[in-house]
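User: Please take me through the sheet, the disulfide and the aromatic contacts of this model. Keep it short.

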Amino acid sequence: QVQLVESGGGLVQAGGSLRLSCTASRSIFMINHMGWYRQAPGKQRELVAAITGGGDTSYAGSVKGRFTISRDNAKNTMTLEMNSLKPEDTAVYYCVGDRTTVAHDPRYWGQGTQVTVSS
């Protein structure tokens with residue numbers, strides 16, 4: 001069983017930055033596709049950013065240009081750099097992974113980390 005553990009959430013003022021990290025209990029090279037979802041209170045879960053095993057990235061329109069996803073296969077870690085944060089970025093952020101795609105019901109989920117952006 002794969003375990004994903006997020007870290008780096010917290011409280012930040014609007015316009016600030018945060019860096020989320022995800023550490024996997026096994027090789028993320030073997031997991032292949034990785035990504036970050038978020039869920040705000042009363043809203044549907046949203047795929048924020050994804051990265052393939054080959055390093056191709058994709059972003060939700062609401063974060064494009066502000067967030068950057070990256071991975072380090074040697075360290076079994078994935079990172080989400082979040083800049084120019086807005087109050088609407090407030091949510092619980094989840095690290096996810098799957099062999100084929102993270103766009104639909106990824107197999108592996110972390111426990112989530114809270115990000116709160118104050119105005």
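Analyst: A definition comes before the tour. Rings of Phe, Tyr and Trp (its six-membered ring) pair if their centres lie within 6.5 Å; planes under 30 degrees apart count as stacked, over 60 as edge-to-face and the rest as tilted. This is a predicted model: local features need pLDDT of at least 70, side-chain atom pairs count only at pLDDT 80 or more, and totals for chains, interfaces and linings use all residues. Residues are numbered from 1 along each chain as its sequence is written, and side-chain values use heavy atoms, with hydrogens and water left out.

User: How many aromatic pairs are there by this rule?

Analyst: Another is Tyr 94 with Trp 109, edge-to-face because the planes stand at 75°, with centres 5.8 Å apart. Tyr 37, Tyr 94 and Trp 109 form one aromatic cluster. The count of aromatic pairs is two.

User: Is Trp 109 buried, partly exposed or exposed?

Analyst: Buried means under 20% relative accessible area, exposed over 50%, partly exposed in between (1.4 Å probe, protein chains only). Tyr 37 is buried at 7%, and Tyr 94 is buried at 16%. Trp 109 has 29% relative accessibility, so it counts as partly exposed.

User: Which residue lies over the face of Tyr 94?

Analyst: A charge sits over a ring if NZ of Lys or CZ of Arg is within 6 Å of the ring centre and within 35 degrees of the ring normal. Here the distance from the ring centre is 5.1 Å, and the residue is Arg 45.

User: Is the disulfide of Cys 22 and Cys 95 left-handed or right-handed?

Analyst: A disulfide is a pair of cysteine sulfur atoms within 2.5 Å. Cys 22 and Cys 95 are joined with S to S at 1.9 Å. Cys 22 is in strand β3 and Cys 95 in strand β9, 73 residues apart. The torsion about the S-S bond is about -65°, so the disulfide is left-handed.

User: In what order do the four strands form the open sheet?

Analyst: Strands (E, at least two residues) are DSSP runs, numbered from the N terminus, and two strands pair if DSSP finds at least two bridges between them. Six bridges join β7 to β8, which run antiparallel. The edge strands, each pairing on one side only, are β1 (4-7) and β7 (67-72). The pairing in the sheet is antiparallel, and the order is β1-β3-β8-β7.
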